[in-house]
Amino acid sequence: MTGKDYIESSNTMTLAKKSPSCAGTGIPLEKKILKDTINKTFLILLAVLAFGLPLIVKSPTWLHMIILMYFYAYLTTSWNMVGGFAGVLPLGHSVFIGIGAYTSTILSLQYGISPWIGMILGGIISIFAGVLIGLPTFKMRGAYFALATIAFAEGFRVMAENIDYLGPLKINGPRGLQIPPLNTGLANFMFTQKEPYYYIILIMLMVVLGITWVISRSKLGYSLNAGGEEPEAAMALGINVSRAKLSAMAMSSFLTSLAGTFYAQFSLFIHPKSIISLDISFEIAFIALIGGRGSIAGPVLGALLLRPVSDLSRIYFGDTLPGLHLIIYGVVLILVMIYQPRGIQESLNKIYENALNKLADRFKKDGAV
Amino acid sequence: MKILEVSDLVMKFGGLTAVDKLNLSIDQGEILGLIGPNGAGKSTAFNCIAGVYPPSEGQIRFNGEIINHQKPWNLCKKGLARTFQIVKPFATKTVLYNVMVGAFATTSNTSEAEEKALNILKTLHFENKKDTRSSSLTIADRKRLEIARAIATEPRLLLLDEVMAGLRPAEVDEMVEIIQQLRLTGITIFVIEHIMRAIMALSDRIVVIHFGKKIAQGTPRDVASNENVIKAYLGDEYGIS
């Protein structure tokens with residue numbers, strides 16, 4: 001039991017003590033603790049499974065697909081801080097992927113700086129870019145905000161495609177940059193096997209999920225949610241809505257940018273069309289909408305569901321019906337929006353909650369007997 | 001001591017003067033009622049005081065400090081809270097979540113905010129609905145949620161904008177009781193209301209405005225028998241004969 005868990009469980013205890021009248025309506029305390037334990041065990045099992053997966057899955061193709069799945073889950077979770085909690089729909093997050101990828105690649109190709117350092121620098125540049133985009137656009141609502149972010153992303157892509165040299169920095173326009181796989185190893189963020197990439201993106205995903213979890217329970221999370229739903233009411237309750245959105249944007253841009261470096265080192269070739277394209281921005285939004293915006297599990301579930309669809313349809317129909325995965329995305333999105341407007345996480349959450357209750361009851365009975 | 005002093009407040013929207021040279025002040029611990037026919041400028045005056053609109057002219061002092069161009073969130077931190085005439089709950093969230101958002105105005109600690117929110121729900125007899133999603137509340141409960149959220153910010157002055165509109169008589173009585181209880185905790189209350197029975201029972205003093213101008217003020221009894229007020233509400237042909 002970590003310190004935080006202890007504080008939380010003791011906190012629920014004090015609350016229950018202070019409010020005896022809620023005992024009738026609320027869940028009995030004992031069961032709640034039991035459920036928490038089952039929850040934690042389940043999460044730990046999931047983590048163990050994720051870490052052990054490369055021992056079972058040996059095929060590089062499958063591993064590649066799973067890595068991309070985690071990559072998108074990571075991207076969408078980072079996006080979710082703004083797109084989910086703050087209640088706006090940014091559609092230009094590929095800008096930050098581009099900044100991350102180009103910063104680390106240029107620094108490592110031209111100056112021999114490790115991509116790990118470039119990754120952080122790219123993240124910091126992305127924070128500035130994110131705040132710069134957010135300052136004028138957060139005042140807009142709904143579709144106008146989405147369109148403004150698209151405009152920024154497209155502008156950035158066109159610039160990257162048309163600039164060969166930015167001062168001493170070689171951007172190489174539409175031809176992109178190739179990273180020669182010479183010095184492999186952890187220090188250079190370059191490996192001949194897929195497994196190291198798998199573990200790196202898995203750890204990144206876990207960290208970003210942890211950050212999201214902490215934010216959703218913090219003042220910032222409450223402020224973002226409130227400001228996203230009813231900005232006027234939120235302001236009257238002491239929340240500086242624009243500032244909350246900007247801090248979320250800064251964090252989201254930083255984290256998204258890290259994924260850009262990862263992608264560059266993973267594919268060893270970047271060009272504007274592949275990493276600053278609207279396709280990626282839209283795919284992130286699709287995954288979030290289908291999985292469930294503003295929830296923690298939503299982006300991961302969305303990526304788990306949609307990435308295989310995309311990859312498999314590309315493998316099997318890539319020659320005959322290119323772009324089929326986008327049509328499937330569209331159909332799935334329409335169906336989800338009609339039947340599950342809050343994303344598939346809601347119904348899955350209910351199912352999980354039910355199973356958890358039954359399991360807790362059974363454990364309790366066993367304990368009593 | 002005056003907690004709020006409004007002097008010569010003017011609010012213009014283009015060519016329309018919604019509030020015209022309004023003067024009023026509230027003593028610490030008082031309940032002041034603001035009434036007037038529809039479109040008289042009551043809510044606009046409220047919005048100016050709460051920082052939503054910067055007033056075109058005039059001065060608003062809260063605790064002696066001029067607050068004309070302060071932002072709503074800063075005013076809230078200084079101890080000025082408000083409710084909305086058209087309720088604005090965070091609809092997808094639970095009642096507890098809604099109140100916790102207010103409680104975060106004075107703390108950054110989540111469990112502290114939760115404890116505070118639960119205490120407020122308890123004093124408002126609202127605890128049994130703490131896990132209800134606020135979109136499924138009745139209108140009476142939504143109004144109550146507005147108040148719960150506002151007092152969670154620990155205000156010194158609370159602006160209530162028609163918290164009784166649309167309620168049944170029994171619910172109105174309950175709301176009057178809640179507001180009287182709030183006053184006992186030391187909160188000064190400035191209330192807009194259309195339900196005469198309630199505002200007569202609640203207010204220490206009443207200010208009446210019509211077309212943005214103050215036409216009467218005084219105790220509920222004085223105001224109710226004031227000729228200007230009756231004319232404003234019923235038209236010029238009706239006078240006290």
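Q: In which helix of chain A is I120(A) found, and is I120(A) buried, partly exposed or exposed?
A: The model is a predicted one, and in it I120(A) is found in helix α5 of chain A, which covers residues 115-137. A residue needs 20 or more other C-beta atoms within 10 Å to be called buried, and 12 or fewer to be called exposed. Because I120(A) has 17 C-beta neighbours inside 10 Å, this residue of α5(A) counts as partly exposed.

Q: How far apart in space are I120(A) and N357(A), C-alpha to C-alpha?
A: Along the sequence, I120(A) and N357(A) are separated by 237 residues. In space, the separation of I120(A) and N357(A), taken from C-alpha to C-alpha, is 43 Å.

Q: Are helices α12(A) and α13(A) roughly parallel or roughly perpendicular to each other?
A: The axes of α12(A) (residues 278-291) and α13(A) (residues 297-317) come within 7 Å of each other and cross at roughly 110°. Angles of 65 to 115 degrees fall in one class, and therefore α12(A) and α13(A) are described as roughly perpendicular.

Q: How many charged residues does the contact of α12(A) with α13(A) have?
A: On the α12(A) side the contact includes F286(A), I287(A) and I290(A), and these residues belong to a group that meets residues of α13(A), among them P299(A), L301(A) and L305(A). By class, the contact of α12(A) with α13(A) has 9 nonpolar and 3 polar residues, while the number of charged residues is none.

Q: Which element gives the largest share of the side of chain B that touches chain A?
A: The contact takes 27 residues from chain B and 24 residues from chain A. On the chain B side, the elements that give two or more residues are α2 (72-78), α3 (95-103) and α4 (110-123). The largest share, 5 residues, comes from α4(B).

Q: Which residues does Y70(A) contact, leaving aside its neighbours within four places in sequence?
A: Y70(A) is among the residues with the most contacts inside the largest nonpolar core, which has 160 residues. Leaving aside neighbours within four places in sequence, the contacts of Y70(A) are I201(A), L202(A) and L205(A).

Q: Which strands stand at the edges of the open sheet of chain B?
A: Four strands of chain B form this open sheet, in the order β2-β1-β4-β5, with antiparallel pairing. Each edge strand has a single partner strand, so one side of each is left without a neighbour in the sheet, and the strands in that position are β2 (16-27) and β5 (65-66) of chain B.

Methods. Residues numbered from 1 in each chain as written. Chains lettered and ligands numbered in written order. Predicted model: local features only at pLDDT ≥ 70, side-chain atom pairs only at ≥ 80, totals over all residues. Axes fitted to C-alpha atoms, helices over the stretch in contact; angles between N-to-C directions. Parallel < 35°, antiparallel > 145°, perpendicular 65-115°, else oblique. Contact = placed C-beta atoms within 7 Å. Nonpolar A, V, L, I, M, F, W, Y, C, P; charged D, E, K, R; others polar. Core = buried A, V, L, I, M, F, W, Y, C linked by C-beta atoms within 7 Å. Pairing = 2+ DSSP bridges.
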